[in-house]
Each structure stands twice: as structure tokens, then as C-alpha cells.
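Here is a friendly briefing to read alongside the coordinates. Keep the viewer open as you go through the topics.

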Amino acid sequence: MRCGNRVKIRPAIAADIPAMMGLEKHSVTAAHWSRQQYDTIFSQRSPRRLALLIEEESVVQGCLIASAMDLEWEIENIAVAGSARRRGLGTRLVGEFLNLARTQGAQAVFLEVRESNGAARALYEKWAFLESGRRPRYYREPEEDAIVYRLCFP
Ligand SMILES: CC(C)(COP(=O)(O)OP(=O)(O)OC[C@H]1O[C@@H](n2cnc3c(N)ncnc32)[C@H](O)[C@@H]1OP(=O)(O)O)[C@@H](O)C(=O)NCCC(=O)NCCS
């Protein structure tokens, strides 16, 4: 079943941190952040950030966090609840983020992903991200290379 009208994407607020941490905790391949790092997203000293949630019937099913430096954005994390995967929610989240980033004047978006993370890599490739580099042994536990993906807006 693909997602329909009962799906809503909205900006996250500080009160959503427990839900965001819950999603990440159940996603071994997501980036793992401390509570303090989540707090930073909503602090005024934070770099320019976007944190989006996707809800189905008001239940948080996924989140995406990105930050901007000048005209370049980085997708720092994305996770969809295990039971909600393969139904297009990740595609919707990335699409909404790309629209917002473009609206804010972004020229490019990049991200790093574990080489073995086929699901995430397929998601990014679906949005026409291109491999632009490799960071050897970038990840720990287990050690693994990161693949860098980049999307340039025309
Ligand atoms: C990566 C992730 C966010 C994708 O979310 P999702 O809602 O399942 O993604 P979608 O349903 O929109 O799928 C988008 C595309 O990704 C690919 N894909 C998703 N899951 C896949 C899987 N298990 N195997 C192969 N391809 C997969 C498909 O190409 C799919 O398109 P299709 O359904 O039209 O074939 C989700 O798997 C997840 O939360 N993983 C754990 C956290 C993580 O690894 N985050 C990435 C950190 S860089």
C-alpha cells in the first residue's frame, strides 16, 4: 500500500525528540545521536537545520534531519519505523526536504551512507543523487566505508 492523504509531513519540535530517538534506536543503520545532540537541533545556536517528521494517522513513522552551510545542505539522518518501510514514506520525506532546501536557495545536497546500506542507497539514487566519493573506514561498530552522495540543483 502506498501512502495517501492520511500521511502528513511537518517540521519537528522539541517535544518530538523522544519519538525521533525511538525511531533511531530501532534503526541500526541510522546515525545514533545523544539527547544533547537532539536538543541542539532546536537550539538557537544551532546551524541552520531542518527536522521533518512524517506521520500516518498522527503516529510518527519517520524523520529526516538536515543542516545547511551556506548554499549546501547535508542530510544528517533519516529513519522510517521498521513496520512502515517500503511504503514510500522515505521517498516522501526526502522529496519534501529537497523542495524545502531548494526553496531556501540550496545549490546542492550531500550525505554519507554505509556502503552496505542498500535500502538507503536505493532511496537516494531514486532521487537522482550521484556517488561522489568514498570515506574509507568512516564508520565504527562495525567499521565500514562511507559512500558520499551528492545532488546538485540545476
Ligand atoms: C532507508 C529508509 C529510510 C528507507 O525508507 P522507506 O520508507 O522504506 O523507503 P521507501 O519505501 O520510500 O523506498 C524508497 C526506495 O528505496 C529502495 N528501498 C527501500 N527499502 C529497500 C530495501 N529493503 N531493499 C532494497 N531497496 C529498498 C527502493 O528502491 C524503494 O523504491 P521502490 O519501493 O519504488 O522500489 C529505511 O529503510 C530506514 O529507515 N532504514 C534505517 C535507517 C537508515 O539506514 N537510514 C539511512 C542513514 S544514511
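This is a predicted model: local features need pLDDT of at least 70, side-chain atom pairs count only at pLDDT 80 or more; totals for chains, interfaces and linings use all residues.

Residues are numbered from 1 along each chain as its sequence is written. The protein has four helices and seven strands, where helices (H or I, at least four residues) and strands (E, at least two) are DSSP runs numbered from the N terminus.

**Overall fold**

- Read from the N terminus, the elements follow the order β-α-α-β-β-β-α-β-α-β-β.
- The radius of gyration, taken over C-alpha atoms, is compared with a globule rule of 2.2 Å times the number of residues to the power 0.38. For 154 residues a compact globule would come out near 15 Å, and the protein agrees because it has 15 Å.
- Along the principal axes, the C-alpha atoms fill a box of roughly 40 × 35 × 35 Å.
- Two residues are in contact if their C-beta atoms, placed from the backbone, lie within 7 Å. Among contacts between residues at least 6 apart in sequence, 58% join residues at least 24 apart.

**Burial and the core**

- A residue is buried if 20 or more other C-beta atoms lie within 10 Å of its own, exposed if 12 or fewer, and partly exposed in between, with C-beta atoms placed from the backbone. By that count, 26% of the 154 residues are buried.
- A nonpolar core is a set of buried Ala, Val, Leu, Ile, Met, Phe, Trp, Tyr and Cys residues joined through C-beta atoms within 7 Å. The largest one has 34 residues, and Leu-52, Cys-63, Leu-64, Leu-93 and Phe-97 have the most contacts inside it.
- Elements that each supply at least two residues of this core include helix 1 (17-25), strand 2 (49-56) and strand 5 (108-114). The largest share, six residues, comes from helix 3.
- Leaving aside residues up to four places away in sequence, Cys-63 touches Ala-12, Met-20, Leu-23, Ala-51, Leu-52, Leu-53 and Ala-79.

- Strands pair if DSSP finds at least two bridges between them. Strand 6 and strand 7 run antiparallel and are joined by six bridges, one of which links Arg-135 to Ala-146 in strand 7.
- The hairpin has four residues between its strands, and Glu-141 in the turn has a positive phi of about 45 degrees.
- Pro-142 lies in the loop between strand 6 (130-139) and strand 7, and the peptide bond from Glu-141 to Pro-142 is cis, with omega near -5 degrees.

**Backbone details to check**

- Asp-70, in the loop between strand 3 and strand 4, is not a glycine but has a positive phi of about 55 degrees. Asp-70 counts as exposed because it has 9 C-beta neighbours inside 10 Å.
- Arg-86 is not a glycine either, and its phi is positive at about 60 degrees.
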